[in-house]
Amino acid sequence: MSKNRPFPPPGGEGAESPLGETMDNTPCFEETTDNVRVVVQTFWLDDQSEPDEHRYVWAYRIRIENHGTEQIQLLRRSWRIVDGQGRIDRVEGDGVVGEQPLIDAAASFEYMSGAALETPTGFMGGMYHMIRPASRQHFDVSIPVFSLDSPHHPAILH
């Protein structure tokens, strides 16, 4: 799965855009850990995919909601990406999309990114490694496992 390279998110992300409408109609995957809720939406990017070249691309939008009483900061991320043949790719790094966001109590942070696989289906999930700056307490937040399904797969299995 060496083709899991980042790509810029598609433009036109407003609610009235075709992308905004698509995102509003996609299912959400969510999980709450220690008063932090992570909500994920995915969608297939036909215009960036090349099935004949074994390149299948999805975008995902993630919202991290702080339902706690203290400010938190996302320091690092760890992903486990599994393609349709069961091959596992682990990706780790600082922050998300070039940021280590501070998220106030009762606030949220949202970003878009993407994934490319060599198979028409797969799934991914992981962890955000966080800190509460006031107490210097480190903690992990689960990123829910979410499916990556394309119209090039004969049956949706996830």
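**Stop 1**

Select arginine 132 and phenylalanine 139: the arginine lies over the ring face, 3.9 Å from the ring centre. A charge counts as over a ring if NZ of Lys or CZ of Arg is within 6 Å of the ring centre and within 35 degrees of the ring normal.

Before moving on, note that this is a predicted model, in which local features need pLDDT of at least 70 and side-chain atom pairs count only at pLDDT 80 or more, while totals for chains, interfaces and linings use all residues. Residues are numbered from 1 along each chain as its sequence is written, and side-chain values use heavy atoms, with hydrogens and water left out.

A salt bridge here is a side-chain nitrogen of Lys or Arg within 4 Å of a carboxyl oxygen of Asp or Glu. Arginine 132 lies in strand S8 (residues 121-132) and aspartate 34 in the loop between S1 and S2, so the pair ties together parts that are 98 residues apart in sequence. Strands are DSSP runs (E, at least two residues), numbered from the N terminus.

Is arginine 132 buried or exposed? Arginine 132 counts as buried, at 9% relative accessibility. Aspartate 34 is partly exposed, at 41%. The cut-offs for relative accessible area are under 20% for buried and over 50% for exposed, with partly exposed in between (1.4 Å probe, protein chains only).

**Stop 2**

Follow S8 into S9. The two strands pair in the antiparallel sense over 11 bridges. Pairing requires at least two DSSP bridges between the strands. Pick tyrosine 128, then look across to valine 141 in S9, which stands opposite. Now go to the turn. Four residues lie between the strands, and arginine 136 takes a positive phi near 60° in this hairpin.

**Stop 3: Aromatic pairs**

Show the aromatic side chains. How many aromatic pairs does a search of the whole structure find? It finds seven. Rings of Phe, Tyr and Trp (its six-membered ring) pair if their centres lie within 6.5 Å; planes under 30 degrees apart are stacked, over 60 edge-to-face, and the rest tilted.

Select tryptophan 44 and tryptophan 58. Their ring centres are 5.4 Å apart and their planes stand at 65°, so the pair is edge-to-face. Tryptophan 44 sits in strand S2 (residues 36-44) and tryptophan 58 in strand S3 (residues 56-66), 14 residues apart. Both tryptophan 44 and tryptophan 58 are buried.

Next, select tryptophan 79 and phenylalanine 146. This pair is edge-to-face too, at 5.9 Å centre to centre with 90° between the planes. Tryptophan 79 belongs to strand S4 (residues 72-83) and phenylalanine 146 to strand S9 (residues 137-149), 67 residues apart. Tryptophan 79 and phenylalanine 146 are both buried.

**Stop 4: The open sheet**

Switch to cartoon view. Four strands form an open sheet in the order S1-S2-S3-S7, with antiparallel pairing. Strand S1 (28-33) and strand S7 (108-117) stand at the edges with a single partner strand each, so one side of each has no neighbour in the sheet.

Zoom in on S1 and S2. They pair over six bridges, in the antiparallel sense. Threonine 33 stands opposite valine 36 in S2.

Then move to serine 113, in strand S7. Serine 113 counts as buried, at 15% relative accessibility. Neighbours within four places in sequence aside, serine 113 contacts Trp58, Ala59, Tyr60 and Val97. Contact means heavy atoms within 4.5 Å.

**Stop 5**

The structure holds 10 salt bridges. Select arginine 76 and glutamate 92, whose side chains meet in one of them (3.4 Å, N to O). Arginine 76 is in strand S4 and glutamate 92 in strand S5 (residues 88-94), 16 residues apart. Arginine 76 is partly exposed at 32%, and glutamate 92 is exposed at 53%.

Aspartate 94 is exposed, at 56% relative accessibility.
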